[in-house]
Amino acid sequence: MQMPNLAPIPELYVSYESAQKLKVEAGNLPSWDLTPRQICDLELLMNGGFSPLKGFLSQADYDGVVENMRLADGSLWPMPINLDVSEKFADTLEVGQDIALRDQEGVILATMTVTDKWVPNKAREAEMVFGADDSAHPAVNYLHNTAGAVYLGGPVTGIQQPVHYDFKARRDTPNELRAYFRKLGWRKIVAFQTRNPLHRAHQELTFRAAREAQANLLIHPVVGMTKPGDVDHFTRVRCYEAVLDKYPAATTTMSLLNLAMRMAGPREAVWHGLIRKNHGVTHFIVGRDHAGPGKNSQGKDFYGPYDAQELFKKHEAEIGVEMVDFKHMVFVQEKAQYFPADEVPEGSTVLDISGTELRRRLAEGLEIPEWFSFPEVVTELRRTRPPRSKQGFTVFFTGFSGSGKSTIANALMVKLMEMGGRPVTLLDGDLVRKNLSSELGFSKEHRDLNIRRIGYVASEITKNGGIAICAPIAPYATTRRAVREEIEAFGAFIEVHVATTIEECEKRDRKGLYKLAREGKIKEFTGISDPYDVPENPELRLETENVDVDNCAHQVLLKLEQMGLVAG
C-alpha cells in the first residue's frame, strides 16, 4: 500500500508539448524579470514544494496569512508568498491579464494570471510575520528597502524549471524525493534543516534524532537565499559532501533545497515543516531559535530560544510532520563524546565552541580542534575563509562634501601600497562620477544608483582578495547597509565616518558648492537641502578639525591592524 507521504503530489507544470506552445505565446505578453528571491519562490510553487499554493497569494489569502497564518480557505500557511513589483510595472497591468515570468537571463519560466493587485501595509506585515517592524531584521530590511511597492497575486502555469548549473545530482523536486524514498522502501524519514556547515555536534544530533524516531535521515540544507554574511552555498555543499561519508549510506541521503529563507523564527519553523511534508518527510528536527536572525535594534534576540518549537508543536498535527527536538550538544572531555547539554554527567568538563568563536578562529588562522569539527570541513572553510590578514576588504569613507574623505583615502591608499601584499584600488567619488556614473545626475535615485555601483565594484575587488577604498558622500543609511551586506559576503567592510561639521566643510569649500547650494542654484545638496543620515555604529569615526591628514590615515591603519586585516 502506498504511504500518503510518498504518493506523488500535484505540480504546476504543463506537459512538454503545451510548454513549447505556451513559450511562443508568452513571448508577446508583458514580462517581469524575477529577482533571485522570486525565482526561489516560483521554483517551489511550480514543483509542489509550496503545496497547496497554486500561485502567488491573492489579497484575501495574503491578509489571512499575515493576520492568522491561514489562507482564505482556512488551510495553515504562515508565510506571505507574493510577486512584489515596481509601481511603474504594476501601472501597466489590468487585473485578469496574463504576464510572463522570466529569469535574469530573460528565459520564460512561467506565466501568471494577475487576479489581484494591491499596495500592502508593509509595517503590518513586518509586525505580524516577523514579530517587529525593525530593520535590524534582514527580511524586514528587505521588505522596506528592496521589495517592490505593489503585490501581485494569481495562479501560475509552469513552463520550465529554473536552470541550476551547480550540484545538479543533489537537487531533487518533492516528487523526485518521494520516488526515491519509495524505491528504497523508506517509510519514516527525519529531515535536518541547515544553512551552516555541519560539525561533529550536528552529526551526533542527527544520529540521535534518527535513532529516536527510528527513521532514515534526510540532510536537507537550504541553498537559496539565507542570511547576509552566511557561508556561501558552494562552500557549504562541499563541506556537506565531505561529511556525508561519516553517515551510513543505507539510511542517509542528502538533497539541496532552493528556498529563500526569511529568518522568521517560529513562523519559519512551521513553514519549513510544511515544505518538508511536501518532500515526503515524516519527522523534522526543529532547533533552538530555529531560523532566528540574531539581535534586534535593542541588542536582544528577535525570538525566544524555544518559540519556534512551541509554535511547531501547537500545529504539529495539521502540519502532518512530527517534531524532533533539537538538543544543544556539548563535548564531554572525560568521556570523549557528545552529550545533550541537559544530560551531562555531574562534575564533567564540558567543551563547546560557538559560531562566533569558530569565525574568530578562522579569521585569525587559529587551530580548530578535531573534537569540534572534521578536518575535511575545516580544510574547506579555510579555502574560502583564509585568515583576515590574507582576505580582501573594503574601507568605506562617508561624510559631507569637503569633509576630507578623498584626501584621507588617498593618504591611506599610499600607506597600504607601501606595505604591499594586496592590490589597492581607490574608488573616489569624483573619479567614479567621471568613469563609472558619467550619465547620472544628483537626484536621490541617481545618488543611490551611484553608491550601489561603487558597492558592486568594491565587492568584486574584495572577493578577489584586493583592498577597495571608497570615498563617496553616501548620505543614506539604507544604501550604506545594502553595500555592507554585499561586501561582507566576501570580506570585511570598515565604515569610516569623517565627522567634519557642515560649518567647517563650508569654510574649506574650494569649489564654491555650498555657496551655490545656499543660493538655491544647486538642488538636493547634502547637508543643505538634502538630509545626511549620520552613521550610528561606524567601525571608526574621524574628527578632522585641527588634525592633519597623515594622522587621520594612520588612525584608519591602526583600526585595520586591530581588526587583523593588516599585519601588525
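Reply: Start with a cut-off: buried means under 20% relative accessible area, and exposed means over 50%, with partly exposed in between. Tyr247 has a relative accessible area of 6%, under the 20% limit, so Tyr247 is buried. Keep in mind that this is a predicted model.

Me: What makes Phe207 and Tyr247 an aromatic pair, and why is the pair edge-to-face?

Reply: Their rings are 5.1 Å centre to centre, and centres within 6.5 Å make a pair. The planes are 65° apart; over 60 degrees counts as edge-to-face, so that's the label. Phe207 sits in helix α8 and Tyr247 in the loop between α9 (233–244) and β10 (252–254), so the pair ties together parts 40 residues apart in sequence.

Me: How do you know which kind of pair Tyr514 and Phe525 form?

Reply: Apply the test again: 5.0 Å centre to centre and 75° between the planes, which is edge-to-face. Tyr514 belongs to helix α20 (residues 513–518) and Phe525 to the loop between α20 and β20, eleven residues apart. Tyr514 is buried, at 2% relative accessible area, and Phe525 counts as buried at 10%. The structure holds 19 aromatic pairs. There's also an aromatic cluster, made of Phe331, Tyr338, Trp371 and Phe372.

Me: What makes β17 and β18 paired strands?

Reply: At least two bridges are needed, and β17 has five to β18 (residues 467–471), running parallel. One example is Thr425, whose bridge partner in β18 is Ala468.

Me: And why are β17 and β20 at the edges of their sheet?

Reply: The open sheet has five strands in the order β17-β18-β16-β19-β20, with parallel pairing. β17 (424–428) and β20 (540–542) each have a single partner strand, so one side of each is left without a neighbour in the sheet. From one strand to the next, the twist averages 15°.

Me: Which helices lie across those strands?

Reply: Helix α15 (residues 405–419) lies across β16 (393–398), β17, β18, β19 (492–498) and β20, at about 165° to β18. Helix α21 (residues 549–562) lies across β16, β19 and β20, at about 170° to β20.

Me: Last one: what does the largest nonpolar core contain?

Reply: It has 73 residues, and Phe50, Trp77, Leu83 and Leu101 have the most contacts inside it. Leaving out residues up to four places away in sequence, Phe50 touches Leu44, Trp77, Leu259 and Trp271, among others. Apart from that core lies another, of 35 residues, including Ala209, Val231, Phe331 and Tyr338.

Definitions and conventions: Residues numbered from 1 in each chain as written. Predicted model: local features only at pLDDT ≥ 70, side-chain atom pairs only at ≥ 80, totals over all residues. Heavy atoms only, no water. Helix = DSSP H or I, 4+ residues; strand = E, 2+ residues; numbered from the N terminus. Axes fitted to C-alpha atoms, helices over the stretch in contact; angles between N-to-C directions. Contact = heavy atoms within 4.5 Å. Core = buried A, V, L, I, M, F, W, Y, C linked by side-chain atoms within 4.5 Å. Buried < 20%, exposed > 50% of the residue type's maximum accessible area, 1.4 Å probe, protein only. Phe/Tyr/Trp six-rings, centres within 6.5 Å; stacked < 30°, edge-to-face > 60°.
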